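This report is meant for someone meeting the structure for the first time. Please keep the sequence and the model at hand while reading.

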Amino acid sequence: MISPEDFAEDGHANGQLISIDHLAKTYVLGEVEVHALRGVSLAISRGEFVAIMGASGSGKSTFMNILGCLDKPTRGTYMLEDVDVGKLTRDELARIRNRKIGFVFQGFNLLSRTSAIENVELPLLYSSASHGNRRRLALDALDMVGLGDRIDHYPSQLSGGQQQRVAIARALVNSPSIVLADEPTGNLDSRTSVDVMDVFQRLNGNGITIILVTHEPDIAEFAKRQIVFRDGKIRADKRNSAQKRASEVIKGMPLIEEEVES
Amino acid sequence: MNITNTLLSAFRALKRNKMRSFLTMLGIIIGVSAVIVMLAIGQGAKFSVEQQINALGTNVLIVIPGTQQTGGIRVGAGSATTLTEDDALAIQKECPAVALVSPGTRGGGQVIAGSQNWATGIEGTGPDYLEIRKWKVGYGEFYTEQDIRSASKVCVLGKTVADNLFPDGNPVGQTVRIRNVPFKVVGVLEQKGQNAMGQDQDDIILAPYTTVARRLSWSSNLRQILVSATSPAGIAAAQSQITDLLRMRHKIAAYDQDDFTIRNQADLATAATATTDILTYLLASVAGVSLLVGGIGIMNIMLVSVTERTREIGIRMSIGARSRDILTQFLIEALVLSLLGGIVGIGLGIAGSGVISSIVKWPTIISVLSIVLSFGFSIGIGIFFGFYPARKAALLNPIDALRYE
């Protein structure tokens, strides 16, 4: 299991997990320059649960890609655990994605025709975990998201909610510093969405930092901090004093239908 | 990602599209088996030609008399009566590159033994004839130097002659009458089969050349002198030494033509093997083209595969795969395709060569070299044609790959 102690031993100068300073990203499309981000500064500490909100075109996806080390900023600095990500090579970025970042996508992005446990083991194949260790870590991660009994199911045999849990387990398996979720509930019905948010809240309760991109205000209600993007800039950044507990919300929701069992 | 996992995931990826993987491999299978079969046919042809020529002895030279010229009319080669026993002895004595010499005379006629008779050729030889021709006595023995000196009426029968004259008995010790001259049979030669021209080499009787000269051809002139050089490499030296010696002995002026001809088995062998070599290269290069086409097939399918799996590549990159990992993954897939194809192709090629051998009766030889070559070629093709698609995959931008629909 991943516990807060795992993170404590890293020891960082200012204790900030992420510190971003005047981050800008400009795409050049032919002769047109598109300013996706126009100077964003922000800091995120360990154990936070941040919801990043904004309409499409607000720059939140670009921001997410940079946070996830999938893309590099045009200007400004992005320090992840005191490492300047902007100065890293392609391979070093791959290593950061492997060790420090867990991704959860809207479309789940599981490998089809590959069992749940093998999907979860995948990040470990690119690190140096031994075979026995891999299986154990993957089983732990699947247990954490409550799918310990479906390890040999293929994505096509799982419901959307279950697939997203497999994706979350995959994001967790390397004990990352942050879990980045990009519209994780976008493809799910409202009950399953709350269910997935419950998983995130439990993980956050265990000390895992979660950054969630969403355009749904009621999903953002489950986060501790809400940041709103508009036109490539941060328009609002506030503590969510009225954080909702997913486990309680779900009790009040009507049972529409059972999740599709295979 | 370690090699075992990469291999496993390559096999899994190929299994996902069984038909497509099989068809892609088929290109390599056909190419490799074609190369194997063609090399086997070529080398089989070369081997059988070499064998036929070696049967004559590769270091053998035959000296025959030149043409007879009477008032400007030339008769065919060997018609002159210029070679003598002394020439043969001189060659033996004075040419250092010469190992063995066997003077030869020839006769022919009806041979009678008991109630059987048979028409065949009689070759008068020296004692070293069998050694020069790499031939052996099957049973009985060969006549001796003493027999030759005293012109004994002894002979050795070829297998065909022995079978025809003595269908149910051992000829050794029996007497045959050659043109009414009785000869004692001292041995029977081992079977040698047909020569390169399809003549039955066993249809012959060997006897001391002295006996043949005195009793059958009534001429002391030699029809040929069979010479073996000390080694195949010494043939040229032997040839020039013999030429010089005979020109001197026959007192031929500097600008006059030789009154003898020297035929060289090695020249024949070289020419024949050069022809079969060209045949082999031609066949193999045609087959090689099909191997190349197979390689292009792999490249084509790998390119399709990279495009189809762009999203998978994106997913793998997002969870930490480096460019190198993606490159290896696709390269290994191409390599597995070409290697499996290569192995199946080698098996099919060996089987195919066997089938051709038994149906068309064409000799085929599968050399280790041709297998190693095909195997190496299929690895090479996998790497060469797999590299471009793999590199294309490895250089994808993670975001673009992830967003690819």
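## A helix pair in chain A

The model described here is a predicted one. In chain A, helix H4 (residues 116-125) packs against helix H5 (residues 131-144) at an angle of about 115 degrees, and the axes of the two helices lie 9 Å apart. The crossing in which H4(A) passes H5(A) is right-handed.

On the H4(A) side the residues that take part are Ala116(A), Ile117(A), Val120(A), Glu121(A) and Leu124(A), and they meet Arg134(A), Leu137(A), Ala138(A), Ala141(A) and Leu142(A) of H5(A). Sorted by class, this contact of H4(A) with H5(A) comprises eight nonpolar residues and two charged ones, with no polar residue.

## Where chain B touches chain A

The contact between the chains draws 19 residues from chain A and 15 residues from chain B. On the side of chain B that touches chain A, at least two residues each are supplied by helix H1 (3-16), helix H10 (310-318), helix H11 (323-360) and helix H13 (398-403) of chain B. The largest share of that side comes from H10(B), which provides four residues. By class, the residues of the side of chain B that touches chain A are seven nonpolar, four polar and four charged.

## A strand covered on both faces

In a regular strand, side chains alternate between the two faces of the sheet. Strand E7 (residues 154-157) of chain B is covered on both faces, with Val154(B) and Val156(B) buried on one side and Cys155(B) and Leu157(B) buried on the other.

E7(B) pairs with strand E9 (residues 181-189) of chain B in the parallel sense, over four bridges, and Leu157(B) has Val188(B) as its bridge partner in E9(B). With strand E10 (residues 204-208) of chain B, by contrast, E7(B) pairs in the antiparallel sense, over two bridges, and here the bridge partner of Val156(B) is Leu206(B) in E10(B).

Ile242(B) belongs to helix H8 (residues 235-249) of chain B. Ile242(B) counts as buried because 25 other C-beta atoms lie within 10 Å, where the cut-off for a buried residue is 20 or more.

Apart from neighbours within four places in sequence, Ile242(B) is in contact with Leu61(B), Val63(B), Ile91(B), Cys95(B), Val227(B) and Ile262(B). Of these residues, Ile262(B) lies 20 residues away from Ile242(B) along the chain, and the C-alpha atoms of Ile242(B) and Ile262(B) are separated by 8.6 Å.

Notes
Residues numbered from 1 in each chain as written. Chains lettered and ligands numbered in written order. Predicted model: local features only at pLDDT ≥ 70, side-chain atom pairs only at ≥ 80, totals over all residues. Axes fitted to C-alpha atoms, helices over the stretch in contact; angles between N-to-C directions. Left-handed = near helix turned anticlockwise from the far one by under 90°. Contact = placed C-beta atoms within 7 Å. Nonpolar A, V, L, I, M, F, W, Y, C, P; charged D, E, K, R; others polar. Buried ≥ 20, exposed ≤ 12 C-beta atoms within 10 Å, placed from the backbone. Pairing = 2+ DSSP bridges.
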